[in-house]
Amino acid sequence: MSGLTNMQTPSDPPAAIEVAVARSFVHRFLAKAFEDPNLKTWWWLTHTVMENVLGAAVQRLAADGAISLEESARQLMPHFKKENFGAFQADYLAAFGHTVRGDCPMNEIEYGDIKADPLFQPHRLADLGAFYLAFGLEVSEDAAERHDHICLELEFMSVLAAKEAFALQQHLPEEQWEVCLQAEKKFLRDHLGRWTPAFTRRLARAVGEGALGALAHFTRAFIEAECRRFGITPGSEDLLLRPVDESAESLCTACGLNSLPPGALAVREA
């Protein structure tokens, strides 16, 4: 296991940079994989170059302690072939359709009982927005999904890991590296690591074998490895969906937060 959980400067900066870059790539790969399927994105995901880069990233992370990733990656890659686009798209539409709700929603605030706190939804959305803005990111004006979409949360973690690698590579003050680590740990604990195990378990059960099912298993293995890296207990795979409540649904509209689609994070202009 990496010694990063204690937030001390790594004893081997080049190795720490390699691990951060690998983590950033895997987060980005998963963010793209969960976007609405289209041939252009599928071509990118299944290109030989991407297959090789993902394999190298997984090997680097496995060498750093994330051993379970190798097996889930071996199960994933045979499905991510250009000729499997139709099957992947069919499974995706069957699992997610065109609505937020379903058996395995792709949005964080759909997971967890909010009966004790009617402000559960707007508070979490506001916290996500604050995370993004704190690192110079904002959402596009024509966005169609919320701040809590799985693609946005994965993409944000990719940005944080890339910033971590950059801080080490450029020998920036230790405080700047620690800011990235603290943000990654808090974001995993409060958001991505809290609900992803339940989401991926539901997804795997819903779609069974195939590319999307393999993607669900790989995502869960990776997020759980991320949590272990930072000394966090992953959220429960049995986390329930929140009750459907029309008045609660209206909170997301009334809170004034902008919507956003998968992959909509953009650098905020000064």
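Analyst: Helix H9 (residues 211–229) gives the most to the lining of the largest cavity, with five residues. Helices and strands here are DSSP runs, numbered from the N terminus (helices H or I, at least four residues; strands E, at least two). The model is predicted, so local features need pLDDT of at least 70 and side-chain atom pairs count only at pLDDT 80 or more, while totals for chains, interfaces and linings use all residues. Residues are numbered from 1 along each chain as its sequence is written, and side-chain values use heavy atoms, with hydrogens and water left out.

The largest cavity has a volume of about 90 Å³. A cavity is a set of points, on a 1 Å grid over the protein atoms alone, where a 1.4 Å probe fits but cannot get out; its lining residues have an atom within 4 Å of a point. Points are joined across faces, edges and corners, and the volume is the space filled by probe spheres set on them. The lining of the largest cavity holds 11 residues. Nearest its centre lie Gly65, Ala66, Ala225, Glu226 and Arg229. By type, the lining splits into six nonpolar, one polar and four charged residues. Nonpolar covers Ala, Val, Leu, Ile, Met, Phe, Trp, Tyr, Cys and Pro; charged covers Asp, Glu, Lys and Arg; the others, Gly among them, are polar.

A search of the whole structure finds two cavities of 30 Å³ or more. H2 gives the most, with three. The split by type is six nonpolar, two polar and two charged.

H1 also leads elsewhere. Ser24 lies in this helix, which spans residues 13–33. Ser24 is buried, at a relative accessible area of 11%. Buried means under 20% relative accessible area, with a 1.4 Å probe and protein chains only. Leaving aside residues up to four places away in sequence, Ser24 touches Ser158, Ala161 and Ala162. A contact means heavy atoms within 4.5 Å.

Next, the aromatic pairs. The structure holds 18 of them. In one, the rings of Tyr132 and Phe156 have centres 5.0 Å apart and planes at 70°, so the pair is edge-to-face. Tyr132 lies in helix H6 (residues 120–134) and Phe156 in helix H7 (residues 150–169), so this pair ties together parts that are 24 residues apart in sequence. Both Tyr132 and Phe156 are buried. Rings of Phe, Tyr and Trp (its six-membered ring) pair if their centres lie within 6.5 Å; planes under 30 degrees apart count as stacked, over 60 as edge-to-face and the rest as tilted.

Two cysteines deserve a line. Cys104 is buried, with a relative accessible area of 1%. Cys227 is buried too, at 0%. The disulfide count is zero, where a disulfide is a pair of cysteine sulfur atoms within 2.5 Å.

Finally, the whole chain. It has 10 helices and two strands. From the N terminus on, the order is α-α-α-α-α-α-β-α-α-α-α-β. Of the 270 residues, 51% count as buried. Among contacts between residues at least 6 apart in sequence, 81% join residues at least 24 apart.

Note on methods
Buried < 20%, exposed > 50% of the residue type's maximum accessible area, 1.4 Å probe, protein only. 1 Å grid on protein atoms, 1.4 Å probe; cavity = no way out; pocket = protein on both sides within 12 Å on 5 of 7 lines; lining within 4 Å.
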